[in-house]
Amino acid sequence: MLEQVTKPEREPISLQEIKDYLRVDHDADDNRISAMITQARSLVENKTGLSLVECDYRWFISCSDIALRVPRYPVELTSDNATIDARGYLTEYNGEGAIEFTSKPNIIPDGLKPALFMFVEHLYDGLDKDQLTLFDAICDQYRINRGS
């Protein structure tokens, strides 16, 4: 289980970028759209394994299987109960408590940004099944093998 400990300072796309994309010219839905941006980002991170924002996490694993990859990548470990290699695979874990880390995103691939826009559009207006299939296909191009 992955628990987000801190909120990111900012999302990978701004409220104004999404409003322009959706052609929304009022402020009545700003809070709702902001929540949708967060949800879209979280989903893309879950589907790809890539860190899109910097924040702190606790990762609770139920076994000491060192073939696991951290659920966000790249990261910086902040606890001393585990080590990871340069690709984000768990190489040592003493089995004690949660593994704590800070996600350290690189530049977000330009090809992945449309997935964020598409999913917010899906939440705001609704997309048909073909568009959701395209969303999945975009995310799959950037998915890293997380040992699952």
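Select Glu76 and then Thr102 in E6: the two residues stand opposite each other. The model is a predicted one, in which local features need pLDDT of at least 70 and side-chain atom pairs count only at pLDDT 80 or more, while totals for chains, interfaces and linings use all residues. Residues are numbered from 1 along each chain as its sequence is written, and side-chain values use heavy atoms, with hydrogens and water left out.

Strands here are DSSP runs of E with at least two residues, helices are runs of H or I with at least four, and both are numbered from the N terminus. Two strands pair if DSSP finds at least two bridges between them. A further bridge partner to display is Phe101 in E6, which belongs to Leu77.

Next, select strand E4 (residues 82-84) and E5, which pair antiparallel over three bridges. Ile84 stands opposite Leu90 in E5. E4 and E5 form a hairpin with five residues between them, and Gly88 in the turn has a positive phi of about 90°.

Move to helix H1 (residues 15-22) and helix H2 (residues 30-48), whose axes come within 10 Å and cross at roughly 105°. This makes H1 roughly perpendicular to H2, a term that covers angles of 65 to 115 degrees. The axes are lines fitted to C-alpha atoms, for helices over the stretch in contact, and angles run from 0 to 180 degrees between N-to-C directions. Display Leu15, Ile18, Lys19 and Leu22 in H1, which meet Asp30, Ile33, Ser34 and Ile37 in H2.

Which residues have the most contacts inside the largest nonpolar core? Select Ile18, Val44 and Trp59, which hold that place in a core of 38 residues. Such a core is a set of buried Ala, Val, Leu, Ile, Met, Phe, Trp, Tyr and Cys residues joined through side-chain atoms within 4.5 Å. Elements giving two or more residues to this core include strand E2 (56-59), strand E5 (90-93), helix H3 (113-124) and helix H4 (129-142). H3 supplies the largest share, seven residues. Around Trp59, leaving aside neighbours within four places in sequence, the contacts include Met1, Leu68, Pro71, Leu90 and Phe101; contact means heavy atoms within 4.5 Å.

Finally, show the whole protein chain, with its four helices and six strands. From the N terminus on, the elements run β-α-α-β-β-β-β-β-α-α. The C-alpha atoms fill a box of roughly 50 × 30 × 25 Å, taken along the principal axes.

Note on methods: Angles under 35 degrees count as roughly parallel, over 145 as roughly antiparallel, 65 to 115 as roughly perpendicular and the rest as oblique. Buried means under 20% relative accessible area, exposed over 50%, partly exposed in between (1.4 Å probe, protein chains only).
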